[in-house]
Amino acid sequence: MTDMTLYLSIALVPLAGCLLAGLFGNAIGRRGAHTVTILGVAVSAVLSAYVLWGFIDGSRAKFDENVYTWLTMGGVDFSVGFLIDTLTAMMMVVVTSVSLMVHIYTIGYMHDEKVGYQRFFSYISLFTFSMLMLIMSNNFIQLFFGWEAVGLVSYLLIGFYFKRDSAIFANLKAFLVNRVGDFGFILGIGLVLAYFGGSLRYQDVFAYLPNVAGDTLGGIDLITLTCLLLFVGAMGKSAQFPLHVWLPDSMEGPTPISALIHAATMVTAGLFMVSRMSPLYEMSTTALSVIMVVGAITALFMGFLGTIQNDIKRVVAYSTLSQLGYMTVALGVSAYSVAMFHVMTHAFFKALLFLAAGSAIIGMHHDQDMRHMGNLKKYMPITWITMLIGNLSLIGTPFFSGFYSKDSIIEAVKFSQLPGSGFAYFAVLASVFVTAFYAFRQYFMVFHGKEKWRGLPEHHDDHHSDGHHHGLGRNDNPHESPWVVTLPLVLLAVPSLIIGYIAIEPLLYGSFFKDVIHVNHEAHPVMHQMAHAFEHHGGALGMVTHSFSSPVLYLAIAGVAAAWFLYLKAPHLPAKIAAAFRPVYVLFENKYYLDSIYFNVFAKGSRALGTFFWKAIDTAIIDNGIVNGAAKAVGALAAQVRKMQTGFIYTYAAFMVTGVLVLVAAFFWGLWFK
């Protein structure tokens, strides 16, 4: 198998499964639909692992070739091509492996769906194909294709229960907010095409960068402007403040897509893009500083919102927002490899958390309110232990995967000298306590304490609009989920435990990203300083020892202890604290009022502006003034001209004589004034 055939197979096999399930779903049935899609993603995952192993053992070289050119315009080629290096290979494995776990999990989670089963499997395979095309691209036009494709499929997945008003609102919100980011993204690509050598291929753009260093556009540094516009696109896709508002509402979709969108795929697209564009971003300290501050705001302030959520999936969603902020901060301090390291570890433990939350929801008969749960540890041991592993990794417990990537980000910010790095360090440090608090608040409410559903009023035999019966009766007991649900949990728990220890040295301080991620070490020496510190502390094991002398571990312990005390030992206190700090609680409950501002200013404002243009411009000027006005003017003129058509010869003779006299007068007038 040639390299081109191998890479085409990785990308296209999931697409084949998508088409079979989507176009022939009724013919092949439910079993056929999940079989072809799982088989397609499994083949892609195995081949991706084969590619990654080739880079690890040194037998595979970087690949950068076009598949075909579909358009040439003005001397610019718009091509489909693949750039396969260590960064791409790592992302391919992460995307396909997490997607495979989600596909298998979906069989159990969607088992009771009466309609849309085949459609759902078709969508998630299409999502996998779109993400692969994005990360494998070697040019901006294909990157944009994958960028928009994952946005489109996420719209379809979030609105899967299209009979719910809330689902329709959520997918429309996601679509519109991402269009705001994509507008900046396409403007950035436009600047690349116009000023960076007339090519959209990455290698050509990077080679041309020295020629535009110091150039300005409208008084703004050209490279800084380009970087910021491209980052606006990343803010939309990777849900950075203030374009984060779509992600919590995307919980309206089924749990498997929450894991797929929020763990390893769509939300990491912006982070991957900035890492891929590292040669460009390294030329703008201003852009890096903006990225760092935006990430810090997202990490801290989105974490605050997670502390008051009662929906089990929304807690994990706000956790995703906060962790994406951590990754963005790492990008801002030029620690691109650290950001991608956290992308990888986060993909596994966050997919684990979402799928474990989904398992708990299944056990609770699709009741997602944590206030109705409790003591599920007794009934769902596999779900309990895997979610505990996911949360321990999330909060950065030593030896767990999240510890190595998260502590590395905090260390990188500590070394940074960029403007705003002081605030960023405070934000990521404070977020450690906040993360531990909301993670174990969720854990204790769900798996420990009283079985709170037994004290609820008896539910009636009603059904939600998605067709599921919601909630346990007083005498009902939860049951562990079937193996198709628990097997992916166990398989995801393994990398959540060990991948950080295994991968930290080659990814961050080895040659894995050599000649792939480019850092100006003279201007941004953070990674050099971290390498010295890593060696000084004694490597991966030494990081654990060093953690006992840093505030990070103690902040995490304090967060866990606070959650334990408030939600197990003194469960009456949270309500009193909320009452005592009512203004803050209301601010958090209303998500900093950003949704209200967007709705009232942009949605209502655009509606008012649209109404003005409709009535004043369209109706008054165009319809009544130009279109109808012209018709009326012609009609009025015709009515007067019609009066001249008398049918009498002497009338026409008079007009002829008058016309001749006018012509003669004009002739002599011209002679007179010549």
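## A walk through the predicted model

Ser44 is found in helix α2, which covers residues 25–56. This is a predicted model, so read every number here as computed from predicted coordinates. Is Ser44 buried or exposed? Ser44 is buried, because its relative accessible area is 0% and anything under 20% counts as buried. Leaving aside residues up to four places away in sequence, Ser44 touches Ile10, Pro14, Thr96 and Leu132.

### Salt bridges

How many salt bridges turn up in a search of the whole structure? The search finds 13. Here are three of them, with the N to O distance for each.

| Arg179 | Glu148 | 3.2 Å |

Take the bridge between Glu148 and Arg179 to start with. It links distant parts of the chain: Glu148 belongs to helix α5 (residues 140–158), Arg179 belongs to helix α6 (residues 165–195), and the two are 31 residues apart. Glu148 is partly exposed, with 23% relative accessibility. Arg179 is partly exposed as well, with a relative accessible area of 22%.

What about burial? Lys173 is buried, at 12% relative accessible area, and Asp249 is buried, at 9%.

Which residues are linked with Lys173 and Asp249 in a network of salt bridges? The network also takes in Arg314, Lys591 and Asp595.

Lys591 is found in the loop between α24 (582–589) and α25 (594–644). Its phi is near 55 degrees, a positive value in a residue other than glycine. Lys591 is partly exposed, with a relative accessible area of 23%.

You'll find Asn375 in the loop between α15 (336–363) and α16. Then there is the peptide bond joining Phe241 and Pro242, which is cis, with omega at about 5 degrees. Pro242 sits in the loop between α8 (222–237) and α9.

### A pair of packed helices

Two packed helices are described by the angle between their axes and the distance between the axes. For helix α16 (residues 381–394) and helix α18 (residues 421–447), the angle is about 170 degrees and the axes are 10 Å apart. The two helices are therefore roughly antiparallel to each other, since the cut-off for that label is over 145 degrees.

Who meets whom? On the α16 side are Thr383, Trp384, Met387, Leu388, Asn391, Leu392 and Leu394, and on the α18 side are Thr435, Tyr438, Ala439, Phe440, Gln442, Tyr443 and Phe447. Sorted by class, this contact has 10 nonpolar residues, 4 polar ones and no charged ones.

### Domains

Zooming out, the chain is divided into domain 1 (3–455 + 477–570) and domain 2 (596–671). Taken over C-alpha atoms, the centres of domain 1 and domain 2 are separated by 60 Å.

How values were computed: Residues numbered from 1 in each chain as written. Predicted model: local features only at pLDDT ≥ 70, side-chain atom pairs only at ≥ 80, totals over all residues. Heavy atoms only, no water. Salt bridge = Lys/Arg side-chain N within 4 Å of Asp/Glu carboxyl O. Helix = DSSP H or I, 4+ residues; strand = E, 2+ residues; numbered from the N terminus. Buried < 20%, exposed > 50% of the residue type's maximum accessible area, 1.4 Å probe, protein only. Domains from an automatic or database assignment. Axes fitted to C-alpha atoms, helices over the stretch in contact; angles between N-to-C directions. Parallel < 35°, antiparallel > 145°, perpendicular 65-115°, else oblique. Contact = heavy atoms within 4.5 Å. Nonpolar A, V, L, I, M, F, W, Y, C, P; charged D, E, K, R; others polar.
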